[in-house]
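Subject: Structure for you to look at

Hello,

Here is the structure I promised you. Please open it and keep it in view while you read my notes below.

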Amino acid sequence: MSSKEKEYKKVAYYPGCALEGTGHAYNRSTKALGDALGLELDEVKNWNCCGAMEVKNIDPKVQTYLSSRVMSIAANEMGHDVVMAPCNGCYHNLKKAEYDLQNDEGSKEVVERISKKAGHKTYEAGQIETIHALDWIKDGIGEEGLKERVKNSLKDLKIANYYGCMYTRPRHIFPEKDQGEGSESTSEPHFMDDLLAAAGAENVDFPLKTACCGGAHTLSDSDTSTLLVSNILQAAEKAGAEVIATECPTCHSGLEMHQIRAEKKFGRKSNVKIVYFTQLLGMALGLSARKVGVHENISDSLGMLKEKGIA
Amino acid sequence: MRSLDEIGAALEASGGSATDYLAAGEETLCHWIQARGLDPTGEEREGFRLLALHRQGARGEPSFNACRETCRELAYHYNLLALEPDHADVGKRLEMMRLIAMHLYLFVSGKMQVEGLGEFCCASRPLRTGT
């Protein structure tokens, strides 16, 4: 067993707000996948919002504090040294907080001041390693480990893997990426591709895997978001994909909702299905579609997955 | 130089060449750079003016890096088509290049429309503000 496999066997789990709402299927499938793989998730007690986009855009240092509090509880109250955040926004913000606390005195001061006021131990950079659900499976189980456990191959399923923008940008807050063989790439991420290929799927060559979906402006400028998403969906279909695999609740719900809006508002219909990678891996391990929450997705993929013998 | 609307309309219709789509990408970036009061560079980076233009457009505006990989994919597809003009997948590659150029157009034109509304890219504002 490698050191990562040991470290990731039991990690602190930070679901974040979206996974209790629109991304509930991601929460359900991540937990089910962990159970099936023997990976234990210990949910961070009394966790708070990571600061998301809203707080970050008003006061980035307060966002750093909010993210640091989650890491402080995991490290100082629960004794963990790894936090797994499946949401790209949470993952990004915890990484950014870590970077800020290592490099910015102003952020350290603010975090210390608010932590004291809030009555908890101040988080210190280096106490926690924040990982994404993709790292958790990739390093905790690995492709070979997955292959051994596959009961229901995803063969014949053509997948476009969509990582979105926050999983890799900006590069400097992800120092473990771009470190050569075995590490994730910020320009051409591949962890999701690797895991789904290990489960038997055929990944299509998809050039828009990190392209902007306009998520930040989905309310203020919905048409631009819809057109960007519609273009991503169209490109996935043209690349031959039947499914777009996602690893972020915001990307996932954006793709689902704008797929419907693109048809209604612009007459741009697309048939590609949108499914979380954790749902696909769960079904490959023999879990039922219900167990991984396929019925909770807006994009109705059940019929297609049944036809393929996956669900 | 064509207007952004004309570029969008040209990209909407398929049938262009790799050179057309690369040019559409360059023109799109020129609009962004000019809107910021700068002269678009004539230099190249890694053999592509497109990449030099992107770099120029992102200077002082980190959120513009959200289209960095899109520009690089456009250059990659241009190379694929230029180096393997008789490949069996030429039609598919051209169509993909059109969609990549379209994405760049949608991103840049969207970003220009919402300048008054706030940051387009959720990932980068704290960097721009120096935290």
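First, a term you will need: a polar contact is a pair of N or O atoms within 3.5 Å, and within protein one of the two must be able to donate a hydrogen and the other to accept it. Also keep in mind that this is a predicted model.

Chain B

Start with the overall layout. Chain B holds six helices and zero strands. Read from the N terminus, its elements run α-α-α-α-α-α. The chain has 131 residues, and 53% of them count as buried.

Now find Ser63(B). Look in the loop between helix H3 (49-58) and helix H4 (68-83) of chain B. Is Ser63(B) buried or exposed? The relative accessible area of Ser63(B) is 1%. The cut-off for buried is under 20%, so Ser63(B) is buried. Its side chain also has a partner: a polar contact of 2.7 Å joins it to the side chain of Lys111(B).

Next, go to Arg68(B), which sits in helix H4 of chain B. Its relative accessible area is 21%. Buried needs a value under 20% and exposed needs one over 50%, so Arg68(B) counts as partly exposed. How far apart in space are Arg68(B) and Leu4(B)? They are 19 Å apart, C-alpha to C-alpha, and 64 residues apart in sequence.

Chain A

Turn to the sheet. It is an open sheet of four strands in chain A, with the order S2-S1-S3-S4 and parallel pairing. Which strands are at the edges? They are strand S2 (40-43) and strand S4 (129-131) of chain A, and each pairs on one side only. On average, neighbouring strands of this sheet are turned by 40 degrees against each other, direction ignored.

Look at one pair in detail. Strand S3 (residues 82-84) of chain A pairs with S4(A) in the parallel sense, over three bridges. Met84(A) stands opposite Ile131(A), a residue of S4(A).

Last, the surface. Met257(A), Ile260(A) and Ile298(A) form a nonpolar patch there. Together they have about 270 Å² of accessible area. One of them, Ile298(A), lies in the loop between helix H12 (277-284) and helix H13 (302-307) of chain A. Ile298(A) has a relative accessible area of 46%, so it is partly exposed.

Best wishes

Methods: Residues numbered from 1 in each chain as written. Chains lettered and ligands numbered in written order. Predicted model: local features only at pLDDT ≥ 70, side-chain atom pairs only at ≥ 80, totals over all residues. Heavy atoms only, no water. Helix = DSSP H or I, 4+ residues; strand = E, 2+ residues; numbered from the N terminus. Buried < 20%, exposed > 50% of the residue type's maximum accessible area, 1.4 Å probe, protein only. Patch = residues over 30% accessible without salt bridge, like charges linked within 9 Å, V, L, I, M, F, W, Y side chains within 5 Å. Areas by Shrake-Rupley, 256 points an atom, 1.4 Å probe, with all protein chains shown as cover. Salt bridge = Lys/Arg side-chain N within 4 Å of Asp/Glu carboxyl O. Pairing = 2+ DSSP bridges. Axes fitted to C-alpha atoms, helices over the stretch in contact; angles between N-to-C directions.
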